[in-house]
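Subject: Structure for you to look at

Dear colleague,

I am passing on the structure that we spoke about, and below it you will find some notes on what came out of it. Please keep the view open while you read.

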Amino acid sequence: SNKTWYSIHFMQSKRTIDVYWREMRQWLDEHPQEVIILWLSKHGNPQATGEAQYAGVTKEEKKAIWTTYLDIFDGLLMDTRVSNIHETPVSQLLQRKHRVVTFATDYVEFTESSPWAMDAA
């Protein structure tokens with residue numbers, strides 16, 4: 001099976017997902033007053049986990065793409081131990097440099113319950 005990760009925004013992309021993430025990072029660096037929200041999923045079902053969400057993808061492969069994500073957005077990810085998406089005003093997110101808000105499907109396995117994301121379910 002193809003182990004290369006691509007982006008899909010209601011159509012499959014031609015470039016790998018890390019290329020888009022790097023472009024987003026560059027844009028964020030150029031626009032310091034902006035916050036983006038990303039939803040990470042393979043099949044678009046927020047409740048699906050494990051094989052149902054990421055068919056044919058090992059835990060190690062999930063960890064590898066999550067690590068790439070963390071590396072690219074390092075210093076900008078919302079820390080859920082500090083900020084609450086339902087209560088924290090955008091002005092505080094900006095002040096804290098919590099400018100990338102992440103919802104992840106298969107949260108426990110994909111992110112290893114990371115404080116840098118929220119469960120999309």
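Which residues of H1 are buried? They are Ile17, Tyr20, Trp21, Arg25 and Leu28, where buried means under 20% relative accessible area, exposed over 50% and partly exposed in between, with a 1.4 Å probe and protein chains only. Seen down the axis of H1, these buried residues fall within an arc of 145 degrees, so they line one face of the helix; the arc is that of the directions from the helix axis to the C-beta atoms. Helices (H or I, at least four residues) and strands (E, at least two) are DSSP runs, numbered from the N terminus.

Before going on, please note that this is a predicted model, in which local features need pLDDT of at least 70 and side-chain atom pairs count only at pLDDT 80 or more, while totals for chains, interfaces and linings use all residues. Residues are numbered from 1 along each chain as its sequence is written, and side-chain values use heavy atoms, leaving out hydrogens and water.

Glycine 56 lies in the loop between helix H2 and helix H3, and counts as partly exposed because its relative accessibility is 35%. Between glycine 56 and tryptophan 21 the C-alpha to C-alpha distance is 23 Å.

Best wishes
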